[in-house]
Structure formats: C-alpha cells, structure tokens
Amino acid sequence: MTETLNEIGLAIIGCGTIGRIRAELARDYPGVKWLGLCDVKEDLGRKLKEDARADFFTTNFEELLNRSEVNAVMVITEENKHTEPTLLAVEKGHKLFIEKPLATEARESAQILDAISNAGLDAVVGYTQRFRRRFLTVKERLLQGQIGEVHSVVTRAFMNRMVPIATIAKTNKRQNLTPMVVSGTHSLDMSMWLLEGKKPVSVYAKSVDKALSDWGTKDSTFGIFTFEDGTIFSMNISWGLPVVWPGTVYGLEIGIVGTEGVIDIEDTHRDLILATYKNLPGGYVPEGFEPSVERHVDFLTSYPPGDIYNGQLWGPMREETNSWFARIQGGLDTPHATAAEGHSNLIHTMAMDRAAKLGKEISLPIDPEEFYED
Ligand SMILES: NC(=O)c1ccc[n+]([C@@H]2O[C@H](COP(=O)([O-])OP(=O)(O)OC[C@H]3O[C@@H](n4cnc5c(N)ncnc54)[C@H](O)[C@@H]3O)[C@@H](O)[C@H]2O)c1
C-alpha cells in the first residue's frame, strides 16, 4: 500500500448517474475535506455541485486536476472517455479510482496500466459487486479451501436490454461497446477474482446479434476459458432480454465446482418481486431515456449499485466508495480490483469478442496489439 492521505481533496470527473452517487457519498464522508467536480455538461455539473455541496465545479478536467487541494481522483466519465483524465491524474501522482471498464481500447488500457505501474500509484477500478456480503463470503470460503481444488466454473449473466440501449445511445463509437466489454466485465471480474491465482491460457466464444444489431451491438456472447491447470470457466452473457423482463438491470448465476464440494450462487433477484397495475420506471435510466413499453413487474434489488431510500443510495456502491476513502486515508486493505485486474478484465472480454469474430480459440495472454491486426 502506498502512502496514506491526512485529508482527502477529491476530484470527481463525470457527474452523470454514477458520479452523482459517489459525489453524494463523498459529501457525507468526514475525511473528504474538499470536493471538486467536472463535467462537460455544465447544467448537470452545477446541479450536482449544489446537491453535493461541492467546493468547486468546472467543465475542464485539467483545470480541476491543477487545483492544489486535489490529492485523489475518481474518473466516472462514460466508457469511452476514461483515458485522458486518468493519464493526467497519474501524471499528477494522485490516488485513483477509475470506473470500469479501465478503457474500451486495448492500447489505451495498456498505456494506463503502464503509467500507473511506472508511477507506483495506488489505483483501483469500479468492480462494485465485490463489496456484496454474499460474494465476500464465497471468496473467503474458497480461500479456506472448503470445496477443495476448484476445477469448473459456470457463470450466466442476464440483462434487460434497457441497459445496452441507454449505454449505446450516448456515443457513435460503438465497436467495442459489446455485452462482454461493458457489462459482462462485472461477472467476469467476479469469476476471475474467485479463481484468483489461476492462469487463463485460452478462450473460445460465440456471439449472436438478432435483436440488438439495429442499436449497433450484439445480443449475447458465450465462451469457455481454459486455465493452465486444466480448470474450465464458462462465461455467458445476454443483454438482449426484453424491456418487460422483471429484472430491470442484472441477474446472475455462478456455479463453482471443486474436488470436494460446490458453491452455487443464485443472484437473479427473483426472491423479491413487485407486481402492480401501475407503470414502473426503468432500472438504469440516464437522462432522456424512457422505456418503450409499460412495465408492471420488477425483481427488486436488480440494480447493481444498490437501492434508493430517502434519496440516499444503500448497497454495494456505498461500501465500495466509502471503503476506498478508508483505503486512501487509513490504509485499509480493501477488496477493490487493481488497475492490473481492470486491464486483464478488458483484455479477456475483448479476447472473447475476438474469438467469436474469428471463429477460433485464442491463446492467452494476448498482446494488446493483436486486437488491431485486422
Ligand atoms: N460500478 C458500477 O456498478 C457501474 C454502474 C454503472 C455504470 N458504471 C460505469 O460508470 C461510468 C459512468 O457511467 P454513468 O452511467 O454515470 O454515465 P453517464 O453518461 O450518466 O455520465 C458520464 C458523464 O461523464 C461526462 N463526461 C464525458 N466526458 C467528459 C470529460 N472529458 N470531462 C468531464 N466530463 C465528461 C458526461 O457529460 C456525463 O455526464 C461508465 O464507465 C460506466 O460503465 C459503473
């Protein structure tokens, strides 16, 4: 762990859905003595400055990072826009929290990781699901060897198509905004974290794009990773489920089989159901997005960051954000994903897309330059 901070002077770049959640948590954290915000959308940023009682706002991230009060930075811009502010924050030597995916380009991701490693900085990536009690106990049981040697893992993520439609509407640069790179990265990170220490040596995958091709993305990608010790990991995602599917955002199942036991994780949120004659809002609804049909049934708790009560978010994103503050200020050893893990998650998700495109198994590790060969 690198040096800790006496007081946190926090810069948040990106004041959208997730930036708002984290800024409001920062306002309530006693160790954050100064809060500065940046967004290219001035109205949105100024509104958050008021709501989060921030000290400073600008539309230019360079101006924010040049402020003498800043010693920690959260990069919460949309998927394609992490690289520039991250590299500048690294240059300034600040503590860093970068939203997933680390980048959407393999070269940029490698450049970010190199810069962070060369500077010897503490940088983490927003894999929020690691902060849920259920996954922490699974991780602990695996570390204690309670199911023997793990040899087979099967992961299935199902997502409501509201998420890709809303995500992709934000940009025309959609080539890498695939189900694996944008969202499957969460369940891949969880699975790889649970398999920590094992080395993937190859991946094979297939994709289909029947429903979402009009939006410029694929519906589903299913793949199989093989590890050096023979372990197999089947990683499957579909983010093309209909808008009326009661899971508003994410549902997950993970089965982990070991030589002496098994852990079966049911995380589809079907245990908490609301049904009503009233029309329900969508789960992930950035500015201007309206579900195209009425929705009357919800699996509650399927919004991964957490749930709102009394205008406050309760759930894993609170734990993740506050424990990052405790990490950089008090030196707490937290389960955050490192920049190196963020980079390998991007490379593994892109390798699945590449295997599907080429129709052949791909050897791992893969050089980021290989993604530019055709
Ligand atoms: N950890 C999680 O569970 C989780 C959940 C949802 C989204 N995310 C990730 O969080 C990130 C942000 O997602 P979101 O839903 O808040 O997106 P969003 O579109 O609501 O917000 C992004 C904001 O960044 C701003 N922005 C873009 N470029 C900028 C720049 N150069 N300088 C300043 N501001 C800039 C945009 O104007 C926008 O307001 C994405 O990477 C997304 O994948 C993580």
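P365 is found in the segment after strand 18 (362-363). In this predicted model, a cis peptide bond joins L364 to P365, with omega at about 0°. A cis peptide bond also joins K100 and P101, where omega is about -15°. P101 sits in the loop between strand 5 and helix 5.

The domain assignment of the protein chain gives two segments, 8-129 and 317-337, to domain 1, and residues 132-304 to domain 2. The contact between these domains takes 14 residues from domain 1 and 16 residues from domain 2. On the side of domain 1 that touches domain 2, four residues are nonpolar, six are polar and four are charged. The C-alpha centres of domain 1 and domain 2 are 25 Å apart.

The ligand is surrounded by 26 residues, and the closest are G14, G16, T17, I18 and E99. Sorted by class, this shell holds 11 nonpolar, seven polar and eight charged residues. Helix 1 (residues 17-28) makes the greatest contribution to the shell, with three residues. Residues of the shell come from both domain 1 (8-129 + 317-337) and domain 2 (132-304), so the ligand lies between the two domains.

Helix 5 covers residues 106-119 and has 14 residues. At 1.5 Å a residue, helix 5 should span 20 Å, and its end C-alpha atoms are 20 Å apart, which agrees with that expectation. The buried residues of helix 5 are A106, S109, I112, L113 and I116. Just after helix 5, G120 takes a positive phi of about 65°.

Just after helix 4, G93 has a positive phi of about 80°.

A positive phi is also found in residues other than glycine. R53, which is not a glycine, has a positive phi of about 45°. R53 lies in the loop between helix 2 (42-51) and strand 3 (56-58). With 11 other C-beta atoms within 10 Å, R53 counts as exposed, because the limit for an exposed residue is 12 or fewer. N310 is another residue other than glycine with a positive phi, here near 55°. The place of N310 is the loop between strand 15 (307-309) and strand 16 (312-314). N310 is exposed as well, with 5 other C-beta atoms within 10 Å.

Note on methods:
Residues numbered from 1 in each chain as written. Predicted model: local features only at pLDDT ≥ 70, side-chain atom pairs only at ≥ 80, totals over all residues. Near = placed C-beta within 6 Å. Helix = DSSP H or I, 4+ residues; strand = E, 2+ residues; numbered from the N terminus. Nonpolar A, V, L, I, M, F, W, Y, C, P; charged D, E, K, R; others polar. Domains from an automatic or database assignment. Expected span 1.5 Å × (residues − 1). Buried ≥ 20, exposed ≤ 12 C-beta atoms within 10 Å, placed from the backbone. Contact = placed C-beta atoms within 7 Å.
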